[in-house]
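Colleague: Please take a close look at one helix pair for me. I'd like to know how it crosses, what it touches and what surrounds it.

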Amino acid sequence: MSLPMTIPAPGLPARVRIHEVGARDGLQNEKETVPTEVKAEFVRRLADAGLTTIEATSFVHPKWVPQLADAEQLFPMISDVKAALPVLVPNERGLDRALTLGATRVAVFASATESFAKANLNRTVDEALAMFEPVVARAKAADVHVRGYLSMCFGDPWEGAVPVPQVVRVCRALLDMGCDELSLGDTIGVATPGHVRALLTELTQENVPVEKLAVHFHDTYGQALANTYAALQHGVTTVDASAGGLGGCPFAKSATGNLATEDLVWMLHGLGIDTGVDLGRLVATSVWMADQLGRPSPSRTVRALSHQE
Ligand code: HMG
Ligand code: MG
């Protein structure tokens, strides 16, 4: 097992928290629904590899995302896993389902564009925000941590480039609602580092604390690591990634896999940034998962370290 040589660069954080989304963002996009036992084993292996935040599933409408329709069966099977296990909830019905099972971290998911709000939530942007408001209020009252996702922060498959002020408005609404954390999504992977920097700079000027921000890059155009580096330089310390580079969004054409967690860990460890992740175990997990899915992982690091082709 080779490891990157460690050579720190100035102006970067000492530690990064990885928000692992493979079990949710990854598996929601699989053509064949993965058996519940395999999902549970995946989450367990990710925790054993040192990941401390593992997004487990979604309590969305089962007809919209049949791949995650087993959330009620899966969640109790992983309740003993030693990691935070956030789940997606779009509305109060989803929150009820999550709270019944004892979830302590939930995520609502908004859109910066009208087209994706309609495609993903069957709502306008503002109708979706109104749908989230009672979800966030009730979650906070129950002492549940709330992440707010914002999709299409950089580009949208129907509307093209998304103006920064349009993104900032919805960020502000999610934070004002009480979200503890805000994850900036490049749902279709079109962002480039200057654009990332421009959005983060604007959010800082609008007094959004950088500690509340996470970045969520899909790797469609191979930009996810470069974009992550730009975010780290700005002070972001929470990065979303998906083991093996699984993922995409069934409601956004041209969305491919997330930034692969292994590729992220290789870069961070090379920079001397602590993640708590054991890269060898993580690669073994993605090789195992690739075997379950019947195709090789798209992660360059998984391929290089496992000679998987
Ligand atoms: P709708 O059709 O407008 O639903 O869908 P509704 O509110 O009109 O309700 C219709 C029926 O669905 C009702 O049942 C509800 O009870 C039921 P009826 O009274 O007719 O018998 N229902 C539910 N059942 C179970 N669980 C629920 C639920 N909600 C309603 N939670 C809805 C609106 C939001 C439900 C739907 O659009 C939906 O489920 N969307 C989810 C889409 C999704 O999961 N997308 C992927 C995640 S987002 C993503 O991947 C992006 C991200 O990674 C960041 C990035 O990359 O940018 C996060
Ligand atoms: Mg995503």
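**The helix pair and its setting**

Modeller: On the H6 side, the contact is made by Val 125, Asp 126, Leu 129, Phe 132, Glu 133 and Val 136. H7 answers with Arg 169, Val 170, Ala 173, Leu 174 and Met 177. Contact means heavy atoms within 4.5 Å.

This is a predicted model: local features need pLDDT of at least 70, side-chain atom pairs count only at pLDDT 80 or more, and totals for chains, interfaces and linings use all residues. Residues are numbered from 1 along each chain as its sequence is written, chains are lettered from A and ligands numbered from 1 in the order written, and side-chain values use heavy atoms, with hydrogens and water left out.

Now the geometry. H6 covers residues 125–141 and H7 covers 164–177; they pack at an angle of about 20 degrees, with their axes 10 Å apart. That makes H6 roughly parallel to H7 (under 35 degrees; over 145 is roughly antiparallel, 65 to 115 roughly perpendicular, the rest oblique). Axes are lines fitted to C-alpha atoms, for helices over the stretch in contact, and angles run from 0 to 180 degrees between N-to-C directions. Helices (H or I, at least four residues) and strands (E, at least two) are DSSP runs, numbered from the N terminus.

H7 also has a sheet beside it. This is an open sheet of 9 strands, with parallel pairing and the order E2-E1-E11-E10-E9-E6-E5-E4-E3. Its edge strands are E2 (53–54) and E3 (57–58), each pairing on one side only. H7 packs on this sheet, touching E5, E6 and E9; its direction makes about 165 degrees with that of E6. Two strands pair if DSSP finds at least two bridges between them.

Take E6, residues 145–151. This strand is mostly covered: 6 of its 7 residues are buried (under 20% relative accessible area; exposed is over 50%, partly exposed in between; 1.4 Å probe, protein chains only). On one side, 7 bridges join E6 to E5 (residues 105–111), and the two run parallel. Phe 109 has Tyr 149 in E6 as its bridge partner. On E9 (residues 181–186), 4 bridges join the strand to E6, again in parallel. Arg 147 is bridged to Glu 181 in E9, and Leu 150 to Leu 184 in E9.

Most residues other than glycine have a negative phi. At 39% relative accessibility, Asn 122 counts as partly exposed. Leaving aside residues up to four places away in sequence, Asn 122 touches Trp 64 and Ala 117.

Asn 207 lies in the loop between helix H8 (193–205) and E10. Asn 207 also has a positive phi, near 65 degrees. Asn 207 counts as exposed because its relative accessibility is 65%.

H8 has a helix partner of its own. H8 and helix H9 (residues 224–233) pack at an angle of about 35 degrees, with their axes 8 Å apart. Their crossing is right-handed. Pro 193, Val 196 and Leu 200 in H8 meet Ala 226, Asn 227, Ala 230 and Ala 231 in H9.

Asp 25 in helix H1 (residues 22–26) and His 216 in strand E10 (residues 213–217) are 191 residues apart, a pair that links distant parts of the chain. Asp 25 and His 216 are both buried.

Methods: Left-handed = near helix turned anticlockwise from the far one by under 90°.
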